[in-house]
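Biologist: Please take a close look at one part of this model for me. I would like a single connected answer that sets that part in its surroundings.

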Amino acid sequence: MKRFYLWGVLLALLAPFALVAAPAVSGEVERQAMNITAIIMFLVFVAGTLGITYWAAKRTRSAKDFYTAGGGITGFQNGLAIAGDFMSAASFLGISGLVFASGYDGLIYSIGFLVGWPIIMFLIAEQIRNLGKFTFADVSSYRFGQTQIRTMAAISSLVVVAFYLIAQMVGAGKLIQLLFGLDYWMAVVAVGALMMVYVIFGGMTATTWVQIIKAVLLLAGATFMALAALSTFGFSPEEMFRQAVETHPKALAIMSPGSLVTDPVNAISLGLALMFGTAGLPHILMRFFTVPDAKEARKSVFYATGFIGYFYILTFIIGFAAIVLLSQHPEFFKPEALAADGAVIKDQLIKGINGGTNMVAIRLAEAVGGNLFLGFISAVAFATILAVVAGLTLAGASAISHDLYASVIARGRSNETTEIRISKIATFGLGLLAIGLGIAFESQNVAFMVGLAFAIAASANFPVLVMSIFWGKMTTNGALVGGLVGLISAVVLTVLSKAVWGDVLGNVNADGKPIGLIALNNPAIISMPLSFFFIWIVSLLDHSEQAKRERIAFEAQRIRCETGIGAEGAVDH
Amino acid sequence: MQLDSVNAIKAHPRYQELVCSRKCFAWNLTVIMLVIYYGFILAIAFAPALLGTPIAEGAVTTIGMPIGVGIIISAFVLTGIYVAKANSRFDALTKAIREDLQ
């Protein structure tokens, strides 16, 4: 079995590089220099992380090692790993691109992504460390019917993971295509194959260290870029903003909230999904089981919030500085964006940039740090995608092996060896699925998928989790109905929204513009309260014997949740 | 957990203190974060021009900039406040309960 994975994965891994080696060597001279620096730096990263995976594989024996790195990660390390898990290429490239295109609006997104962290700290982090073992479903099913709640939690986890994964894979394929000149499918296969190697052989230990290394590289690279960019403005933000306003076609409008958030309902709905979605993402919640106790869990959130907040401030500086600095580099723009004297036409600044606004951070790296730094940032962007997809896949695989297989199908009678084998097979399957979906969705508009993943996490996972921790009257039936209502309403409302009904399914109005059946862009404002409401009403109406037992069991759960007494079993070997 | 130890812990005065003080503290901080964030979102939704006010006469920088960065810093500071109190007060209470039980 093991040999089968090894060969399958290695072959898949080497294929793209073998195929690309020839064109890279004989390719056009101009592009070759840039590609080779980036590819060498990336190969150094891959070699390093494969070394770590080899080391981690020797230490990964028990299920606890595989799912939680043995529970021996410190709060500081976990804080970095959480930051590495959370700061996706989409936030690095997407938000700096958004700031470049719209200015202040980019900050609104960053803030939404960040403010979920204090909520996790106050309501969830310590609690799930004290109550759970490997997955957040351990916590939401703690005193409830295992079959029902685990099945539901596993399904909503897998749906969240699938949408998040597709968005990452498509983004990865396009990005690597641009950066390294690899074909789209090769890029997707390379990402999928490497991710399978990390997770299958190194489990959570390898995943954690890939995330830590990536976080350090990304923070260091972004810091250098922001400082180098700021130095051209004499380290004066006012000077940077002044020149940006002079350069940008939207002029002063970039300094205040603009078109991104048009009406209060959509603004609040997006805010809810971003804030509470973070607290329901399975791959993020899983990270809290890698630390030994509640104290380290809360320290991890503190460090993670600091790193992530700092990172968003950097992307904001990078986006604004790029407005001014990229306009001085006509070579980054399409020929039609240039005037007769070779300068960039003001109105073409946003539309005319080669590779689109997602490439802004990459172009700025070249502008401030030359070829070598461009190679570094490109490699970091690739590493970023790898770290995020590895975390996602591990969370998906554990939902299959720990929740569905061990608790539901085998009803607790499976042994560790089987459970680990199932999760490795699940990882392999999810990896193939991610590659397949990544290729299938190449030319699809996947922008809505991350939003949908956050909305489902906020509407299905978060309500059940937080109510199971704090509300003693909740019952299995309440949790089941509430969670399903949240999941289904979030998906249905997203399908009816403009992003899917119009942009993906191609429904247009009389003028040929894509339309939605409902005016809501993000479903959270409806689906999240619906979920809470059904948890509440169904639990209150539940007078079964089982419901009575579950209410009585809350006291013991709360004592363990508050004090950690009884949680040691999940900590010691 | 055994029923008698559940009752023993439940009746422990320190346990009551721990549950109450942590609950109040955590929910208060949650409310502060929600007020800060949704205050910001509502300002964007209903009064976008407000955040576009220059910070000084003739400046390009708007008050929205320090406010936005301030919210990011406030999130970090709030988590720091929680960690500081939990590491000292809540952990001390938990330790006392555990020692009494042994």
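This is a predicted model: local features need pLDDT of at least 70, side-chain atom pairs count only at pLDDT 80 or more; totals for chains, interfaces and linings use all residues.

Modeller: Of the 102 residues in chain B, 28% count as buried. Chain B holds four helices and zero strands. Its pattern along the sequence is α-α-α-α. The radius of gyration of chain B is 21 Å, well over the 13 Å from the globule rule for 102 residues, so chain B is more spread out than a compact globule. Its C-alpha trace spans about 70 × 25 × 20 Å along the principal axes. Take the contacts in chain B between residues at least 6 apart in sequence: 57% of them join residues at least 24 apart.

Two stretches of chain B carry an annotation. An unreviewed UniProt entry lists residues 24-51 and 63-84 of chain B under "transmembrane region". In the model, residues 24-51 of chain B are 96% helix and 0% strand. The end C-alpha atoms of that span are 32 Å apart. Residues 63-84 of chain B are 95% helix and 0% strand, with end C-alpha atoms 31 Å apart.

Now the contact with chain A. Chain A gives 46 residues to the contact, and chain B gives 46 residues. On the side of chain A that touches chain B, the elements with two or more residues are α6 (105-114), α7 (116-131), α11 (237-247), α12, α14 (294-327) and α21 (545-563) of chain A. The most comes from α14(A), with ten residues. By type, the residues on this side of chain A are 29 nonpolar, eight polar and nine charged.

Next, chain A as a whole. Chain A has 21 helices and zero strands. Its radius of gyration is 24 Å, close to the 25 Å that the globule rule gives for 573 residues, so chain A is as compact as a globular protein of that length. The C-alpha trace of chain A spans about 80 × 55 × 45 Å along its principal axes. Buried residues account for 62% of the 573 residues in chain A. Among chain A contacts between residues at least 6 apart in sequence, 81% join residues at least 24 apart.

Confidence comes next. The average pLDDT of chain A is 85, and 92% of the residues score at least 70. Within chain A, confidence is lowest in helix α1 (residues 2-26), at a mean of 42, and highest in α20(A), at 95. The pLDDT is below 50 over residues 9-34 of chain A. Beyond near neighbours in sequence, that stretch has 25 contacts in the model.

Helix α20 (residues 524-541) of chain A has 18 residues. From first C-alpha to last, α20(A) reaches 25 Å, close to the 26 Å expected at 1.5 Å a residue. Its buried residues include Ala524(A), Ile525(A), Met528(A), Leu530(A), Phe534(A) and Val538(A). Three serines are also among them: Ser527(A), Ser531(A) and Ser539(A). The buried residues of α20(A) pack against α12 (264-278), α17 (447-470) and α18 (476-496) of chain A. Of these partners, α12 is also among the elements on the side of chain A that touches chain B.

Then there is α9(A). This helix has 35 residues and reaches 47 Å from its first C-alpha to its last, close to the 51 Å expected at 1.5 Å a residue. Helix α9(A) is mostly covered, with 26 of its 35 residues buried. Just after α9(A), Gly181(A) takes a positive phi of about 75°.

Arg150(A) lies in helix α9 (residues 146-180) of chain A. Arg150(A) counts as buried because 23 C-beta neighbours lie inside 10 Å, and the cut-off is 20 or more. Leaving out residues up to four places away in sequence, Arg150(A) touches Ala137(A), Ser141(A), Asp403(A), Ser407(A) and Val408(A). Ile385(A) is 235 residues from Arg150(A) in sequence and 29 Å away in space, C-alpha to C-alpha.

Asn415(A) sits in the loop between α15 (360-409) and α16 (416-440) of chain A. Asn415(A) is exposed because 11 other C-beta atoms lie within 10 Å, and the limit for exposed is 12 or fewer. The C-alpha atoms of Asn415(A) and Ala63(A) are separated by 9.5 Å, although the two are 352 residues apart along the chain.

Note on methods. Residues are numbered from 1 along each chain as its sequence is written. Chains are lettered from A and ligands numbered from 1 in the order in which they are written. The expected span of a helix is 1.5 Å times one less than its number of residues. Two residues are in contact if their C-beta atoms, placed from the backbone, lie within 7 Å. pLDDT is the predictor's confidence in each residue, from 0 to 100. Ala, Val, Leu, Ile, Met, Phe, Trp, Tyr, Cys and Pro count as nonpolar, Asp, Glu, Lys and Arg as charged, and the others, Gly among them, as polar. UniProt positions are given in the numbering used here, feature names are shortened, and annotations may be inferred rather than shown by experiment. The radius of gyration is taken over C-alpha atoms; the globule rule is 2.2 Å times the number of residues to the power 0.38.
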